[in-house]
Amino acid sequence: MTVGPALSGRTVTVRVPATTANLGPGFDTLGLALALYDELTVSVRDEPGAFVEVHGVGEGEVPTDESNLVVRAIAHTFAAYDQPLPGLHLVANNVIPHGRGLGSSGAAIVSGIMAAKGLLEGVVEIDSLGLLARATELEGHPDNVAPALFGGLTIAWVTPEGPQFKKLIVHRGVSPLVLVPQETMSTALARSLQPESVPHADAIFNVSRSTLLIAALIQSPELLLAATEDKLHQSYRASAMPETDRLIQALRAEGFPAVVSGAGPSILVLCSDPGQRLAAAELVAASAATPWQSLVLAVDFKGATVVLHPDEVK
């Protein structure tokens, strides 16, 4: 396929944050962007097909051809706007752990969609809802891709017109700590452990806690322990990640607002001050049966960014 003159020689660089979804009671609805980033550079080349270089996390493991998830996200976006897909050269520098509940697949999808947005600048304009729609089509639900795209705390929901989101700014006192184990967890497996229905009382419980959680995150961090209680998903998945569950119970017993990060097995602790993070990390280091990595992270407020290299702009 011949590359059109509008795209020939274009190069874009994309930066996408890790995310943590659910946050306890906000199952499939709430997500938070974290200051841990994958970076991607994509160049249009004259030869057809895609050539992918992967550095860091996933190197030697993820596909490096057209089946790569980032390439598929770029192709999906070009097709959605009726644009021919040019040859591509991708260089991915990955930091976000895979299979740990930190939104790595969502970040890959968002990386591809943002790269497509940058490559198509001046040819097709893609607005925020368009980006969210394309990402949700690939991811299946918007709770991880919304914060990856837009940053901060996001509430995501789906309407007949497509997925929607609201971004909120997190209180400056909220201090996330992510505890990452060596083992991975399949999101599909985690979802398969969910019952098709839950008791009415549990549903009411989670409605109250998820509402409280929004208030705690944006205004009253001292309420985070109560606000992160959940009865919809974590207990059902506990058998698949017993050490995660044991450590969460130990953390919560000492007053730390600990929850499963996404589908797990990582643990998110939504501390109300930076000093609390050190104490939580020390508790896990002292009581864990296997090694856990402690990531002291800030909340990312910008979300995904894309830069069309200045010397390539037509």
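1. Helices (H or I, at least four residues) and strands (E, at least two) are taken here as DSSP runs, numbered from the N terminus. On that basis the chain has ten helices and eleven strands.

2. A word on the basis of these notes: the model is predicted, so local features need pLDDT of at least 70 and side-chain atom pairs pLDDT 80 or more, while totals for chains, interfaces and linings use all residues. Residues are numbered from 1 along each chain as its sequence is written, and side-chain values use heavy atoms, with hydrogens and water left out.

3. On overall shape, the radius of gyration (over C-alpha atoms; globule rule 2.2 Å times the number of residues to the power 0.38) is 20 Å, which agrees with the value near 20 Å for a compact globule of 314 residues. The C-alpha atoms fill a box of roughly 60 × 40 × 35 Å along the principal axes.

4. Of the 314 residues, 54% are buried (under 20% relative accessible area, with a 1.4 Å probe and protein chains only). Among contacts (heavy atoms within 4.5 Å) with a separation of 6 or more, 75% join residues 24 or more positions apart.

5. Now to S43, which sits in strand β2, residues 30-45. S43 counts as buried because its relative accessibility is 19%. Leaving aside residues up to four places away in sequence, S43 touches R10, T11, G87, L88 and H89.

Terms used
Buried < 20%, exposed > 50% of the residue type's maximum accessible area, 1.4 Å probe, protein only.
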